[in-house]
Amino acid sequence: MMFKSSDTLQFVRLNKCACFPYELLLLADPSKILVDAYIHQSDVFVATYNDTVYGIIVLLPLDVETFEIKNISVQPPFQKQGIGTFLIRNAIQYAIDNKKKKIIIATAYTSTHQINLYQKIGFKIIAIKKDFFLNNYPEPIYENGMQAKDKIVLSIQL
Ligand code: ACO
């Protein structure tokens with residue numbers, strides 16, 4: 001199914017006490033322990049249409065100037081239709097409205113498609129954390145035929 005231009009997604013903040021959609025969150029971050037370590041301190045938004053949740057974005061305040069996108073995820077049948085871009089663009093506007101100066105996002109070196117998407121929106125690579133996924137995840141993670149080892153950190157100035 002494709003979204004039509006007349007299908008207007010809503011960018012909706014989830015209440016702190018809401019039951020978070022873990023099936024979406026775990027698509028982006030396979031460790032529930034790590035998700036639970038940041039989700040309750042974060043500002044969480046979903047992309048909805050007709051009361052159905054199609055995607056989620058999680059913004060953790062790192063300091064007064066910075067949000068980190070800890071998690072972004074779109075339901076698999078609805079990926080590549082602009083929902084991820086919609087979530088990031090709305091997160092950027094929310095950060096600007098909250099006087100933040102930058103947003104960072106980090107992902108595995110093997111997530112080439114995601115890294116391309118973030119760079120298209122304007123994020124730039126600022127750091128590589130060697131062996132992050134080897135040292136922080138109990139199970140090996142494979143993506144695009146490669147084992148995820150290093151973490152790439154990207155940033156956008158607002
Ligand atoms: N038709 C065809 N292609 C389109 C359309 C369209 N109407 N709209 C956008 N696209 C293209 C974009 O140009 C982009 O192209 P690219 O492949 O060259 O980068 C691509 O589709 C993706 O853009 P979006 O559609 O905006 O992104 P999507 O809705 O697929 O969301 C996301 C991206 C969140 C990464 C999604 O693929 C996903 O949920 N993946 C699994 C979870 C994941 O990996 N999350 C990120 C982990 S890192 C972290 O969370 C910090």
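**Ligand and helix contacts**

Analyst: An oxygen atom of the ligand is 2.7 Å from a polar backbone atom of Lys 80. Please note that this is a predicted model.

User: Which residues come nearest to the ligand?

Analyst: There are 23 residues around the ligand, and those that come nearest are Val 74, Lys 80, Gly 82, Thr 85 and Gln 114.

User: How far is a ligand oxygen atom from the side chain of Gln 79?

Analyst: The distance is 3.2 Å, taken to an N or O atom in the side chain of Gln 79. For Ile 83, a polar backbone atom is 3.4 Å from an oxygen atom of the ligand.

User: Turning to the helices, at what angle do H3 and H4 cross?

Analyst: The axes of H3 (residues 83-97) and H4 (residues 112-121) cross at roughly 45° and come within 11 Å. H3 is therefore oblique to H4. The crossing of H3 past H4 is right-handed.

User: Which residues meet there?

Analyst: From H3, Thr 85, Ile 88, Arg 89 and Ile 92 meet Leu 117, Tyr 118 and Ile 121 of H4. By class, this contact has 5 nonpolar residues, 1 polar and 1 charged.

Technical notes
Residues numbered from 1 in each chain as written. Predicted model: local features only at pLDDT ≥ 70, side-chain atom pairs only at ≥ 80, totals over all residues. Heavy atoms only, no water. Axes fitted to C-alpha atoms, helices over the stretch in contact; angles between N-to-C directions. Helix = DSSP H or I, 4+ residues; strand = E, 2+ residues; numbered from the N terminus. Parallel < 35°, antiparallel > 145°, perpendicular 65-115°, else oblique. Left-handed = near helix turned anticlockwise from the far one by under 90°. Contact = heavy atoms within 4.5 Å. Nonpolar A, V, L, I, M, F, W, Y, C, P; charged D, E, K, R; others polar. Near = heavy atom within 4 Å. Polar contact = N/O pair within 3.5 Å; in protein donor to acceptor, adjacent residues only side chain to side chain.
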